[in-house]
Amino acid sequence: MHTAFYDYITKEGGNWKAFNPQFKVGDTIGFNDFILKFTRKDPLSIEGNIYGVNAKKDTIHFWSFTEFYSPNKKKSIIIQRSSDGSSYAIGESTIITKDERIGEMEFFYPNGTSEKHKDSHLLFGEDKMRSTSYKYDANNELELLSTLVWERKYDKAYDYKYAVVIPNSKRILFVSDKDGDDEIYSMDIDGNNVIQLTNNEDKDFLPGVSPDGREIIFTSQRDRKEELYKMNIDGSNQVRLTNNDRLNNEADWSPDGKKVAFLSQPKQHTPPCLFIMNPDGTGRTKVTKSEGLVESFPNWSKSGKYISYTQGNDNGRNPDSYVYEVATGKTFAAAEGKFNEFGTHWLGSGDDKLLFSSNRTGNYHIYVAHIKTKKIEQLTSGEFHDSSPKTGFKPNSILFISDRSGPSRIYSMDLKTKKIGLIEANWGNL
């Protein structure tokens, strides 16, 4: 079976880099390096992007492509498009051996002309690939365009930025910039069976999962501003919920699934504050009475009586943890002071314990505020930063993000034993 080539180019994140290429093609002159990113969409298709890096270290995206493989993975159809949409190409490739493939492409340009190319890719050594491109001249003879030597780019500095338990399952919903920008993924509690739910050139982040575990509302910048979208738990049926000239982000579902708390701006160029809407995007209503104050990180208590959030001044400085009472519209401070507090989340199934991250000891760590007694309890410590606390798979456990191992990763903590464990995604599944 000719599967080695397909599997090899997509493993370990599928990132390749060509250093200091000697190109002859006119429109690529000025690039010092090239970056090629393969992402496996499903067992028989790949999405990819080609970038050029100029002398100023600017990374410029200039081609996207999709490859559809035959069931035996010996052949593929390739559809390629320039980033500005002015040019495109279509062709076919054949995997000759486990280490080599040859392709024929026809490029179509905005001036109405077209050009046929022939390309070969050869794997050699450890994590190296040579690509050679030719074009057919007027006499149908091959003319060399370029030869590039690619090396796999191992980038272990990617971060995890958010993690939350998916209800009625043993899976975690999380955000990572592993493929170059923030995207949403899910995985088993042990890190296996990773599924990429969003995949585009813009950031998708801050996912809020419905109480039944079937739907996700998330923030996306795919329309060049932050808007809320909804999708099924498997990433299908992505639809836009908000569409206005204001920021819309940080959605959290009510425990009965009938309402969604989120952040938006009452008017353009005003600080974001707490709103509520229906899960289909209708019924947008401002709920807090603050004016000129920055609100963020809403989270609905499990009883549905309260929504926690943070509130800072008009520059977002010195945010404190607050609670909004849904029935009365009253608000009160859960924790306040001269410190910064972020990422409120109700602990367990009650309405008395509120998790948050704060820099009370210099570095950011996880705390819990006891609403009735006003007691503040520190849960994590050390010479690193901990953030984004969420209730874990058990009432007395939490998930959080920490840079204690270098890049930000997902950790779990048993609140009884104080034992902390790393949860690392097994990216080999993708």
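Modeller: Two strands are paired if DSSP finds at least two bridges between them; helices (H or I, at least four residues) and strands (E, at least two) are DSSP runs numbered from the N terminus. The model is predicted: local features need pLDDT of at least 70 and side-chain atom pairs count only at pLDDT 80 or more, whereas totals for chains, interfaces and linings use all residues. Residues are numbered from 1 along each chain as its sequence is written, and side-chain values use heavy atoms, with hydrogens and water left out.

Biologist: Which residue in β16 stands opposite Gly208?

Modeller: β16 covers residues 215-220 and runs antiparallel to β15. The residue opposite Gly208 is Ile217.

Biologist: How many helices and strands are there in the protein chain?

Modeller: The C-alpha trace of the chain spans about 85 × 45 × 40 Å along its principal axes. The chain contains 1 helix and 34 strands.

Biologist: Which residues of the largest nonpolar core touch the most other members?

Modeller: A nonpolar core is a set of buried Ala, Val, Leu, Ile, Met, Phe, Trp, Tyr and Cys residues joined through side-chain atoms within 4.5 Å. The largest one has 24 residues, and the elements giving two or more residues to it include α1 (4-10), β2 (31-42) and β10 (142-152). Apart from it lies another core, of 15 residues, with Tyr158 and Met187 among them. The members of the largest core that touch the most others are Ile9, Trp16, Leu36, Phe38, Ile50, Met129 and Trp150.

Biologist: Which residues is Trp150 in contact with, leaving aside its neighbours within four places in sequence?

Modeller: Contact means heavy atoms within 4.5 Å. Trp150 belongs to the largest nonpolar core. Its partners are Trp16, Lys17, Ala18, Phe34, Ile35, Leu36, Asp127, Lys128, Met129 and Ser131.

Biologist: Which residue in β29 is the bridge partner of Ser358?

Modeller: Strand β28 (residues 353-361) is joined to β27 (residues 341-346) by 4 antiparallel bridges, and Ser358 in β28 stands opposite Glu341. β28 also pairs with β29 (residues 363-370) in the antiparallel sense, over 7 bridges. The partner of Ser358 in β29 is His365.

Biologist: Which residue takes a positive phi in the hairpin of β28 and β29?

Modeller: The hairpin of β27 and β28 has 6 residues between its strands, and Gly348 in that turn has a positive phi of about 70°. In the hairpin of β28 and β29, 1 residue lies between the strands. The residue with a positive phi near 110° there is Gly362.

Biologist: How far apart in space are Lys118 and Leu142, C-alpha to C-alpha?

Modeller: Lys118 lies in β8 (residues 114-124) and is partly exposed, at a relative accessible area of 27%. Its contacts beyond four places in sequence include Ile102, Glu104, Tyr134 and Leu142. Lys118 and Leu142 are 24 residues apart in sequence, and their C-alpha separation is 8.1 Å.

Note on methods:
Buried < 20%, exposed > 50% of the residue type's maximum accessible area, 1.4 Å probe, protein only.
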